[in-house]
Amino acid sequence: MFTGIVEGTGAVRERTETADGLRLRIGVEGFDDLHHGQSISVSGVCLTVEEYAADDGEAADGGWFEVFLASETVAKTYLGDVAEGDPVNVERAMPADGRFDGHVVQGHVDTVAEVTGIERVGEDWRFAFAIPEGHADYLVDKGSVTLDGISLTVAEKRDGEFDVAVIPTTYELTTLSEKSVGDPVHLEVDVIAKYVENMVDGYGE
């Protein structure tokens with residue numbers, strides 16, 4: 001489980017296509033506790049560390065980890081389109097004794113949304129996104145949403161679009177500063193909404 005509080009960005013160092021999917025090597029700084037089998041969020045997609053080199057301060061090129069994306073993951077996310085050098089958001093799974101600062105994020109991407117607007121508002125930023133078909137009911141004003149692995153709050157929901165307000169720290173620490181209108185983002189709706197829907201549907205039977 002993740003919280004959507006992104007720890008920083010990494011950069012794609014290598015991408016290797018295979019018959020079964022795609023393998024990515026991602027460079028990171030300050031991650032000194034990587035290990036095989038560890039769950040890690042890459043721009044909101046929960047993946048598993050297969051190989052790694054922890055950033056212990058001795059390696060000339062810092063730390064890195066490799067993850068494998070099965071064909072289904074490639075099809076449902078935009079990670080299949082990333083190129084060497086592209087930045088990605090990275091968050092390690094929350095430890096059992098960790099502080100819960102965001103909201104429950106599973107890393108199970110529901111769909112890909114598109115950036116439709118970016119506006120500077122004072123020191124903050126306001127991003128607008130198109131609501132993919134079939135997902136409007138899961139987004140509510142002031143509700144939680146995960147975009148590229150970032151825990152954010154829906155500032156306003158309109159017909160076919162929703163906005164989020166982004167503070168300077170989030171803008172600078174994540175890949176949002178690299179986004180332009182038309183770019184894709186991974187969207188994960190609040191899992192609580194899914195459970196509510198499931199329970200309500202059960203009562204209706």
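1. At 51% relative accessibility, M199 counts as exposed, because exposed is taken as over 50% relative accessible area, buried as under 20% and partly exposed as in between, with a 1.4 Å probe and protein chains only. M199 is found in helix α3, residues 191–203, where helices are DSSP runs of H or I with at least four residues, strands are DSSP runs of E with at least two, and both are numbered from the N terminus. Together with I192, Y195, V196 and V200, M199 forms a nonpolar patch on the surface, with about 520 Å² of accessible area in total. Such patches are made of residues with over 30% relative accessible area and no salt bridge, with nonpolar side chains (Val, Leu, Ile, Met, Phe, Trp, Tyr) joined within 5 Å and like charges within 9 Å; the areas come from the Shrake-Rupley method with a 1.4 Å probe, and for residues only the protein chains shown count as cover.

2. The basis of these values should be kept in mind. This is a predicted model, in which local features need pLDDT of at least 70 and side-chain atom pairs count only at pLDDT 80 or more, whereas totals for chains, interfaces and linings use all residues. Residues are numbered from 1 along each chain as its sequence is written, and side-chain values use heavy atoms, with hydrogens and water left out.

3. A closed barrel of six strands runs in the order β1-β2-β5-β4-β3-β6, with antiparallel pairing, and the twist averages 45 degrees from one strand to the next. Two strands are said to pair if DSSP finds at least two bridges between them, and the angles, which run from 0 to 180 degrees, are taken between N-to-C directions of lines fitted to C-alpha atoms, for helices over the stretch in contact.

4. Strand β7, residues 111–121, has antiparallel pairings to be checked on both β12 and β8. With strand β12 (residues 184–189) the pairing extends over four bridges, and E114 stands opposite P184 in β12. With strand β8 (residues 124–130) there are six bridges, and here E119 stands opposite R126. The hairpin of β7 and β8 has two residues between the strands, and G122 takes a positive phi near 65 degrees in it.

5. A search of the whole structure finds four aromatic pairs, counted where ring centres of Phe, Tyr and Trp (its six-membered ring) lie within 6.5 Å, with planes under 30 degrees apart called stacked, over 60 edge-to-face and the rest tilted. The rings of W125 and Y171 have their centres 4.2 Å apart and their planes at 5 degrees, so this pair is stacked. Because W125 lies in strand β8 and Y171 in helix α2 (residues 168–173), the pair ties together parts that are 46 residues apart in sequence. W125 is buried, with a relative accessible area of 17%, and Y171 also counts as buried at 17%. F127 and Y171 form a tilted pair, 6.4 Å centre to centre with 50 degrees between the planes, and F127, at 1% relative accessibility, counts as buried. One aromatic cluster is formed by W125, F127, F129, F162 and Y171.

6. The structure holds 13 salt bridges, each being a side-chain nitrogen of Lys or Arg within 4 Å of a carboxyl oxygen of Asp or Glu. One of them joins R15 and E17 at 2.9 Å, N to O; R15 counts as partly exposed at 23% relative accessibility, whereas E17 is exposed at 61%. Another joins E72 and K76 at 3.2 Å, N to O, and these residues both lie in helix α1 (residues 71–76), four residues apart, about one turn of the helix; both are exposed.

7. The side chains of K179 and D148 also meet in a salt bridge, at 3.2 Å, N to O. This pair links distant parts of the chain, 31 residues apart, with K179 in the loop between α2 and β12 and D148 in the loop between β9 (144–147) and β10 (150–158). Both partners count as buried, K179 at 14% relative accessibility and D148 at 0%. Elsewhere, salt bridges that share partners join R126, E156, R158, E161 and D163 into one network.
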